[in-house]
Amino acid sequence: MVAAKHPVLLVALPLVFAAFCPVLAMWKKSACFPWALAGVSATTFLAWSLIGKVSPRGAVAYNLGGWKPPWGIQIRIDYVGLLMICLVTALGPLLVLYSYRYVQHELKPERVPYYYTLFLLVFTAMIGFTITGDLFNMFVFMEIFSIASYALVAITGAREAVRAAFKYLLMGATSSLTVLLAIAFLYSATGSLNMLDISIRLKTTPYVPVAAVALVLFVAGFSVKAALFPVHVWLPDAHSIAPAPVSALLSALVIKMGVIGLFRAIFTIYGPTFATRSSTWSSLAGVISWLAVASILIGAVLAIIQKDFKVMIAYSSVVHIGYILLGLMVLTQEGTAGGLFDILAHAMGKACFFLVAGIFIYKGERRQLRELRGLGRTMPVTAGAFAIAALSIVGMPPTAGFMAKFYILWGCIQGGRYYFVVLALLGSLLTAVYCFRVVYYLFFTGARMPDARIDEGPATMYIPAALLALGTVFFGVFANLLIPSLNTAARVILAK
Amino acid sequence: MSKGTSSVLPVIVVFTPWLALVGAALWGKARPKLAKAVYVGITAATLCLILPFYARALDGAVTTQRLLGVVSGISLSLRIDTVGFYFAILLAFLWLLATVFSLGYIHERETRYYCFMALNLSFCIGVAFSANMFTLFIFYELMSLCTYPLIIHDETEQARKAGLKYLVYSISAGAVILAGVLLQFFYAGTLNFTGHATLTYADASKPVLLVIFSIYMLGFGVKACIMPLHGWVPDAHPAAPAPASALLSGVILKIGIFGIIRVLFDVFGVKQLRLLGVSLPMLYVASFTIIVGSLFAITQTDLKRRLAYSSVAQVSYIILGLFLLAPDGAIGGLLQVANHAFMKATLFLCSGIIIHETGKRDVRELDGVGSKLPLTMLAFSVAALGMMGVPATAGFITKWELGVGCIQAHRPYFIAVLLISSLLNAVYFLPVIYAAFFKGGPVGGLLKHETKRTMLIPVLITGAFVLILGIFVTVPGLPYSLVEVITKAVF
Amino acid sequence: MNFSRIFHNINYLVSVLLFLVGLYAVTVKPNLIKKLIGLNIMETSVFLLIVSIGMVEGGQAPIVAEGVKASRMVNPIPQALILTGIVVAVSTTAVALSLCIKLYEGYGSLNADEILGAWSPLGSSGGAGPMRLDGPGPDEHRDVP
C-alpha cells in the first residue's frame with residue numbers, strides 16, 4: 001500500500017488540505033466543510049491501510065529526503081504510533097462531520113473556514129507528532145497543534161474563550177519551551193536528534209547528569225500538555241469553553257499527545273535501561289504514578305462539585321489522564337498495555353461526552369447539569385450514547401473502559417502496588433458519582449410530558465456521538481483484538 | 001470434569017431475554033398489548049430453554065461454552081453445572097410469575113420497566129451460568145446496574161433516595177469484588193470454577209487467603225445483605241414496585257448468595273475453609289443478622305419494610321447453613337434459597353395486591369383485609385407460616401435441615417438462633433394475619449373479584465409452592481433432588 | 001568548587017538563568033504584555049543554549065572548501081534548528097498578542113489579576129470568577145441556525 005511505502009503522506013496529505021482550505025474559502029466558504037471532510041477521510045484511509053503492516057515488535061520507517069538517520073529526519077511508525085494515528089484518524093472524520101452543524105450555530109460565518117483550517121492543522125500535527133522519529137521534528141509538530149489549539153479555543157471570540165485560550169497559551173508555551181530546553185540538553189549530551197539513535201547513545205554517554213536533567217525537563221513539559229495534576233489548571237477552562245467538537249478534539253486527542261510525549265521520553269528515548277545508569281528514571285516514574293493517583297482522586301472530587309456540564313467533563317479528563325499514566329508508570333507489562341488501551345477507551349468515551357454536551361448546547365443552550373432533567377425522554381439516542389459512554393468512563397463492563405481499568409489494576413497488582421489498586425478503585429467510585437448523576441438527571445427525573453420543542457437534533461451530530469458510544473462497547477467486548485498486541489508491544493518496550 | 005460437553009445452548013439461553021428489547025422497539029409504543037405478550041412469552045421461552053438441562057444437572061454433568069477470550073487465562077465463558085442450573089431455573093420461574101404479575105400491577109413507564117426486567121433476567125442467568133469469576137463479575141455488575149431502574153420505577157422522592165443508596169452500595173461492592181477477582185487471579189492463576197478449590201495454601205499464605213476471602217464476603221455480602229452491609233435493602237424493597245421487590249428479595253439477594261457459594265465451593269473449597277477457621281466468625285455474623293434483622297422487622301410499621309427486614313434475616317439462614325460446612329447444613333442452606341424465594345415472593349406479591357387494591361401499606365391499617373382479599377391473604381398466611389417454620393411448609397424443611405446440620409457440625413447451640421428467629425417471625429407475622437382475618441375492618445363482605453387474575457394467579461402459584469416444597473420434599477424435580485447432587489459433589 | 005568547569009559550561013548557566021528570569025516574569029508579572037516578554041526571554045534563552053552547543057572555538061563556517069577541516073567546522077544543525085525555533089516562537093507570540101488585543105477589547109484591561117482571576121493550584125473552575133456561561137460576550141453575535 002501507499003502508506004506503508006510513504007508514511008510521510010500521512011502528514012503531507014492533510015497538511016496540503018489545511019493549506020488550501022483558506023484559499024478555497026476565498027472562492028466559496030461553504031466548500032470548506034466537504035474539503036476538510038475529504039482531507040480527513042483520505043488520511044483515515046491511508047492510516048487504516050497500515051493496520052496489520054506494523055508488528056507490535058517493530059516499526060515502519062521512512063527517511064525524509066533519503067537522508068539516513070541520524071542525519072535526516074526519520075518517520076517511524078511503531079505499534080503505539082499506529083494505535084494513535086488510527087485513533088486520531090478514526091475520530092477526525094466524526095468530529096468534522098459533527099462540526100458542520102455545530103459551527104454554523106456557534107461561529108460567525110467568516111470564521112468557519114479558519115475553523116476547518118485550524119482543525120486540519122491540529123489533525124496533521126497530531127499525526128506528525130506520533131509518527132516522527134526525530135526529536136526536534138516532534139517539537140515542531142507539538143507547537144503546530146498547540147498554537148492551532150490556542151486559536152481554536154478562542155475561535156468564538158467571546159471574551160471568556162479568549163481568556164481561557166490565553167491561560168492555555170501561557171502554560172502551553174512555557175511547557176513547550178521546557179521541552180525544547182530538554183531537547184537542547186539531550187542534544188548536548190548525545191549529539192543526536194533521532195530518538196532511536198539517542199536511546200543507543202544514552203547507553204554509553206558520559207554525560208549522565210545532563211541526560212537526567214533533560215529527562216526531568218521532558219517530564220515537566222509534557223505533564224503540562226497532558227494536564228497531569230497539579231499542572232492541569234489550564235484544562236477545565238479551555239476544554240469547557242471551546243466549541244464542543246474542539247473540546248472533544250482537545251480532550252480526546254490533544255492531551256493524549258502529552259501522554260505520548262511522556263511515553264516517548266520515558267520509554268522510547270530513555271527506557272528502563274537508563275534506570276541502571278541514573279536513579280532519576282525510576283524515581284520519576286514513581287513521582288508520576290503518585291501524581292497520577294492524585295489526578296484521579298482530586299480530579300474526580302473537583303468534577304463532582306461542578307455544576308456546569310462541560311466543566312465537569314473537562315475535570316473528568318484529568319481523572320482519566322491519571323488512570324492512563326498510572327497504567328504506564330507502574331512499569332509492568334499489563335499496566336502498560338492497560339494504559340495504552342485506556343488512551344483508546346478514554347478518547348472514545350470523552351469525545352462522546354463532549355459531543356453529547358454540544359448537542360445539548362445546540363438544542364437550547366443547556367449547559368448546567370440541572371437543565372438536563374428529563375432529556376433522556378426527548379433525546380433518547382443522544383442521552384443513550386452518553387449513558388453508554390458513561391459506563392466506559394466509569395469502567396463498568398462490558399465497555400472498553402472496564403477492560404482498560406482491569407488491565408491497569410492488574411498491572412498494579414503485578415507490580416505489587418496494592419495501595420494503587422485501592423486508590424484507583426476509590427477513584428472509579430468517585431467517577432461513578434459524577435457520571436451516573438448525569439445519567440440520573442437525563443433518564444430518571446424531569447417532566448412526564450416531554451417538551452415537544454426539543455427533539456434529537458441533526459443526524460450529523462448524534463450519529464458521531466452514537467458511533468463513539470458503540471465503539472466503547474465494541475472494544476470492550478472484543479478487547480482481544482487489541483490487547484494481545486498491546487501486551488507484546490508493552491513487553492518490547494519494557495525490555496529495552 | 002469428565003462429563004463436560006460444549007454447547008451453544010447456554011449462550012442462547014442467556015441472550016434470549018434480549019429479544020424483549022426487539023419487541024419493545026417494534027411494538028412498545030404502537031401496540032402495547034402485543035409488546036406485553038412478547039415480554040411474557042420471552043420470559044416463558046427462557047424458562048423452557050433452561051428446562052432441558054435438568055437431566056444433565058441431575059447427573060452432575062457440566063455444559064460449557066467459551067464466548068470470548070479476554071486475557072491469557074481469562075475468558076468470557078458459560079458453564080451450566082448443577083448449582084448454576086438450580087439458581088437459573090428458580091430465578092427464571094419466579095421471573096415468569098413476576099412478569100405476569102406486572103401485567104396487572106405496572107401502569108406507567110412500561111417499556112422501560114419490561115426492558116430492564118428482561119435485561120436483568122439475562123444478566124442473572126448469566127451470573128448463574130458463569131464459568132469463571134471474571135464472567136460472573138461482569139454479569140453481576142450489569143445486573144446491579146440494571147436493577148436500579150426497577151427500584152426507582154415510581155420516581156418518587158422515596159424511590160430516588162432508595163435508588164441512590166442502592167447504587168452507592170452496589171457500585172462500591174462491585175469495586176470490592178473486582179479487587180477480589182484481581183487478587184484471586186494473581187495468586188491462583190485461574191478464575192475458573194471447577195467444583196473444587198482453586199486457590200489453596202499452595203498458592204498463597206494464610207493471611208492472603210483470609211484477605212481474599214474477606215474481600216469476597218464484603219463484596220457479595222452487600223447483595224446477600226449480611227448485617228452491617230444490608231443498609232440498602234430496607235429502603236430499596238419498599239420503594240420498588242411489588243413484582244420488582246419480589247424479585248429483589250427472591251432472586252437478586254440470592255445472586256449475592258450465589259457469589260458466596262462460588263467462593264465457598266469453587267474458590268476455597270470446604271476443607272480449606274475449615275483450615276482457615278472462617279466458619280465460626282461467619283456463623284456469628286449470620287446469627288447476628290438473623291436475630292437483629294428480625295428484631296428490626298418487628299419495629300417496622302410499613303408492611304414492605306417489615307418484609308424487607310425479614311428478608312435480611314432469612315437470607316442469612318442460607319449463610320448460616322453454608323458456613324456450618326456440614327452436608328446437611330449446606331442442604332438446608334441451599335433449600336432455603338428456593339424456599340425463601342417462594343415464600344418471600346408470595347409475601348411481596350401479596351403486599352403488592354394489598355397496596356394496589358386498598359392503597360394501604362401500614363400494618364396497623366390492615367384490619368379486615370382478609371375479608372376483602374381472601375385468597376390473597378390466604379396465600380400471605382401460608383407464606384408467613386412458612387417463615388415461622390410451621391410443619392408442612394417449606395420453612396420447616398429449611399429449619400429441620402439446618403438443625404440437623406448444626407448437630408452434624410458439632411455446633412448445636414446455633415439451633416437456639418433458629419428457634420429464637422422462628423419466635424420473632426411469629427411476633428411480626430401473626431398480628432398481621434390476625435388483624436386481616438379476625439379484626440372487623442372497615443371493609444366487610446365478599447367482593448365479586450378480589451383482584452385482577454394476572455395478579456392473583458402468580459400469588460396462588462407461589463403460595464402453593466410453599467406448601468408443595470414443604471410436603472413433597474423429595475419428589476424428583478423439586479429442589480431437594482438437585483441440592484442433594486450439589487452437596488454430594490462438594491462433601 | 002571547580003571554577004574552570006563552571007566557566008567552561010557558562011552557556012548552560014546563563015541560559016538556565018535567563019530561562020528562570022523569563023519563567024518568573026510569566027508567572028509573577030500581572031501585565032499580560034510583560035508575561036509575553038517573559039515568554040520571549042525563555043525562548044531566547046533556549047535558542048542561545050542550542051546555538052552555543054554547536055559552537056567550536058575558532059571554528060569555521062561549515063562549508064566544504066579547500067583548507068577547511070571538518071573537525072574545525074561549527075555544527076550547523078543547531079543553527080538550522082534555531083531558525084525553525086524562531087519561526088515557531090514568532091507564531092506563538094503573534095497568536096498571544098492577538099489574544100491580548102481581544103482580551104483588552106473584552107475586559108478593558110491587560111491586568112492578569114483582573115482578567116484571569118487568582119491562580120490557585122486547583123484552578124479556577126468554570127463557574128468562578130468573571131466567567132459567564134449564560135450569554136454571549138460583548139463583541140459576539142450569534143447566527144441563528
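Two residues count as in contact here if their C-beta atoms, placed from the backbone, lie within 7 Å. With that rule in hand, 18 residues from chain A and 19 residues from chain B take part in the contact between these chains. On the chain A side, α17 (400–414) and α18 (418–444) each supply at least two residues; helices are DSSP runs of H or I, at least four residues long, and strands are runs of E, at least two long, numbered from the N terminus. It's α18(A) that gives the most to this side, with seven residues. By class, the side of chain A that touches chain B has 15 nonpolar, three polar and no charged residues (Ala, Val, Leu, Ile, Met, Phe, Trp, Tyr, Cys and Pro count as nonpolar, Asp, Glu, Lys and Arg as charged, and the others, Gly among them, as polar).

A quick word on the model: it is predicted, so local features need pLDDT of at least 70 and side-chain atom pairs count only at pLDDT 80 or more, while totals for chains, interfaces and linings use all residues. Residues are numbered from 1 along each chain as its sequence is written, with chains lettered from A and ligands numbered from 1 in the order in which they are written.

Now for the wider picture. Two pairs of chains are in contact, and chains A and C share the most contacts. Chains B and C have no contact joining them, and their closest C-alpha atoms lie 26 Å apart.

Chain B itself holds 21 helices and three strands. Its C-alpha trace spans about 70 × 55 × 45 Å along the principal axes.
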